Amino acid sequence: MRVPFPLFLRETYPIRALAAPLQLDRMNSIALAMMFGALLMGLDSLPTALPEPPVALALLAETPEVDGERIRLESLPGFTTRLFVPVVAGSLNAFSIADEPIVGIVESPAGFSLSIVSDGLVVHAEQSDAWGYATVETAERVLVLTLFAMTPATSVRDGMLDGYQIGEYIKTPLKGLETYAPPRGFIRLTPENADARVSDRYSLRDFQCKLDGGSKFLVLRPEALIKLELMQHKLAKRSRAGFEKFTIMSGFRTPFYNSRIGNETGYSRHLYGDAMDIYVDSDGDGRMDDLNRDGRVNQRDAALLLAVAEEIDDSADWGWLKGGAGVYRANKAHGPFLHVDTRGYVARWGIVR
Ligand SMILES: [Ca+2]
Ligand SMILES: [Ca+2]
């Protein structure tokens, strides 16, 4: 029986739960994943060391002690060449694109093991902080995957991660949505990786929290990057004016920082790495440009960004990226901007027509 990949992805690989009954150490976890891959692809020539399928599936269903990242993208824009793939170090992680299966691995960076399982990838990195570019093939294109091995969230102690103030995440996800589950890991931002390309136009540093420290960590979601690139693509088409990239006024915020700047909700999307407060600043004056060319810079310019966010949320192709969008007026501290995220359901505020 062929087990569909979505089912396969629903649970991550409980390394310790699997390793104990099979008496495999963690280094064998990749081999184990590949065996499961063969199992799930319906191959009948399985190694004799494998447990019977019902046992294996029962083990997969257990709550994993080490929880990897499960990223399943529905589709990709035709112009995409780079994708961001964060994984939890010391764990097995799954990555797939639903309508564009990965068919080949051309190159993988040091510190990462990649294998094709069914229509996706299983990625393993032993050490936190490893990062690099992998090259993979789909039927349609060659993709560069920017891999980051995150420090597991289990390393956070009393809201601190290696001296950096993360704060506390609410353990119960809002509305039971997976998008509101606390992050499984955090990326350490360093001078060496700050300029790593996480999408065709953006770098890791663009999304960092404004809270500085001796060490610094962030969370960033691949869905948010796809939406950001799509918005820019659609806006450029509408206005026939290209711009290099959005200015990201605020990307990730740790719960500690979000609370410190006066936000009361513990469910802000900025905490989960998919919210971005953005504006277009081609003239470099640090504020929104006059996008609608009415001679003023105000919320109506931010409303143009809202229009492209809504076009994405409402579309059949990109509705899976839907989320919040809110227009903000200028004040003494900032110019007009748009908040946009990929929370999984539509939310709107500050609408200007
Ligand atoms: Ca400007
Ligand atoms: Ca204007």
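The chain has 7 helices and 17 strands, where helices (H or I, at least four residues) and strands (E, at least two) are DSSP runs, numbered from the N terminus. This is a predicted model, in which local features need pLDDT of at least 70 and side-chain atom pairs count only at pLDDT 80 or more, while totals for chains, interfaces and linings use all residues. Residues are numbered from 1 along each chain as its sequence is written, and chains are lettered from A and ligands numbered from 1 in the order in which they are written.

Of the 353 residues of the chain, 42% count as buried, a residue being buried if 20 or more other C-beta atoms, placed from the backbone, lie within 10 Å of its own, exposed if 12 or fewer, and partly exposed in between. Among the contacts with a separation of 6 or more, 66% come from residues 24 or more positions apart; two residues are in contact if their C-beta atoms, placed from the backbone, lie within 7 Å.

Let me turn to one sheet. It is open and has 4 strands in the order S1-S3-S6-S5, with mixed pairing, and two strands pair if DSSP finds at least two bridges between them. Strand S1 (70-73) and strand S5 (112-117) stand at the edges with a single partner strand each, so one side of each is left without a neighbour in the sheet. Neighbouring strands of this sheet are turned by 20° against each other on average, direction ignored, with axes being lines fitted to C-alpha atoms, for helices over the stretch in contact, and angles running from 0 to 180 degrees between N-to-C directions. S1 and strand S3 (residues 92-97) run parallel and are joined by 4 bridges, and Ile 71 stands opposite Phe 95 in S3.

Within strand S6 (residues 120-125) we find Ala 125. Why does Ala 125 count as buried? Because 26 other C-beta atoms lie within 10 Å. Beyond its neighbours within four places in sequence, Ala 125 is in contact with residues including Val 87, Phe 112 and Ala 149. Gly 90 is 35 residues from Ala 125 in sequence, yet 6.0 Å away in space, C-alpha to C-alpha.

Finally, helix H5. The 18 residues of helix H5 (residues 222-239) should span 26 Å at 1.5 Å a residue, and the end C-alpha atoms are 26 Å apart, which agrees; the expected span is 1.5 Å times one less than the number of residues. Its buried residues include Pro 222, Leu 228 and Leu 235, and what covers the buried residues of H5 includes S1 and helix H7 (299-314). H5 is followed by Arg 240, whose phi is positive, near 55°.
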